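Reader: I would like a close look at a single part of this model, the surroundings of the ligand. Keep it brisk, and spell out the cut-offs as you go.

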Amino acid sequence: MINLPRDMSLLKKHLVDVLIARKSTRQFASRPLDLRQVACLLWVCQGRRSFEKPSSRRNVPSAGATYPMTTYLICGDSQVNELERGLYRYDVASHGLEPISDGDLRDELANACFSQRFISEAPASIVVVADYAITTSVYGERGVRYVHMEAGHSGQNIYLACTALGLGTVAVGAFNDEAVSRVLNLPLNHEPLYVFPIGYPR
Ligand SMILES: Cc1cc2nc3c(=O)[nH]c(=O)nc-3n(C[C@H](O)[C@H](O)[C@H](O)COP(=O)(O)O)c2cc1C
């Protein structure tokens, strides 16, 4: 497990300034990201509110605190300082990254997203994945709606945190589900919901 930085002070910006500045970015500079920035983004997406209290809830609301979401990170060669290229799973409990595979999957991810090329140009992408059964086992079919609402909460946090960090992103919902699942080698019943390419705006 790779321990991620826990200093979130980079996010300390005025909310109104961040809200006004938020917009979608589809052109990325070839400037690497810092691991501290990536740690902030994964933390706002699904991290626990307190690193000290293992029982604390997360930075996003969740119906019945069921937390059906898993977060993945894909990064290219020398694209995130102090992080090897590859595919990682964000571990909420330890605020760490579990390495899954070591290739540069950015081109494959872009292809799976109907060749939206900016995805391969961004240094990294966050992919939000859900296991619907975690929520539908409690709420029945209505749980599907809840999972989609929760993905929106995570996505907005990523947008706002990117803006606060001087980075850009765009919510990508147009992709082939099976193809993205193959790129991430997702377990059965885990569905990709959102792709967020991350980088400095060009
Ligand atoms: C559910 C959803 C799916 C989206 N999918 C894509 C996408 O596949 N590709 C893309 O370039 N933008 C996508 N967007 C971004 C929208 O195009 C963008 O948010 C919209 O044009 C408004 O611009 P703004 O985000 O700069 O305010 C998506 C946004 C949402 C909310």
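Author: What follows begins with the ligand site and then turns to other parts of the protein.

The model is predicted: local features need pLDDT of at least 70, side-chain atom pairs count only at pLDDT 80 or more, and totals for chains, interfaces and linings use all residues. Residues are numbered from 1 along each chain as its sequence is written, and side-chain values use heavy atoms, with hydrogens and water left out.

Start with the shell. There are 13 residues around the ligand, where near means that a heavy atom of the residue lies within 4 Å of the molecule. Arg22, Ser24, Arg26, Gln116 and Ala171 come nearest. By class, the shell has seven nonpolar, three polar and three charged residues. Here Ala, Val, Leu, Ile, Met, Phe, Trp, Tyr, Cys and Pro count as nonpolar, Asp, Glu, Lys and Arg as charged, and the others, including Gly, as polar.

Arg22 places a polar side-chain atom 2.7 Å from a ligand oxygen. The side chain of Arg26 has an N or O atom 2.6 Å from an oxygen of the ligand. For Gln116, a side-chain N or O atom is 2.8 Å from a ligand nitrogen. Taken alone, the ligand exposes 620 Å², and the protein buries 52% of that. These areas come from the Shrake-Rupley method with a 1.4 Å probe; for residues, only the protein chains shown count as cover.

Follow Arg22 to an aromatic ring. Arg22 lies over the face of Tyr159, 4.7 Å from the ring centre. A charge sits over a ring if NZ of Lys or CZ of Arg is within 6 Å of the ring centre and within 35 degrees of the ring normal. Tyr159 forms one aromatic cluster with Tyr194 and Phe196. The structure holds four aromatic pairs. Rings of Phe, Tyr and Trp (its six-membered ring) pair if their centres lie within 6.5 Å; planes under 30 degrees apart are stacked, over 60 edge-to-face, and the rest tilted. Helices (H or I, at least four residues) and strands (E, at least two) are DSSP runs, numbered from the N terminus. Both Tyr159 and Phe196 are buried. Buried means under 20% relative accessible area, exposed over 50%, and partly exposed in between (1.4 Å probe, protein chains only).

Gln46 sits in helix H2 (residues 35-46) and is buried, at 2% relative accessibility. Its side chain makes a polar contact of 2.7 Å with the side chain of Arg58. Another, of 3.1 Å, joins the side chains of Gln46 and Ser154. A polar contact is a pair of N or O atoms within 3.5 Å; within protein, one must be able to donate a hydrogen and the other to accept it, and residues adjacent in sequence count only if both atoms are side-chain atoms.

Thr169 belongs to strand S6 (residues 168-169) and is buried, with a relative accessible area of 1%.
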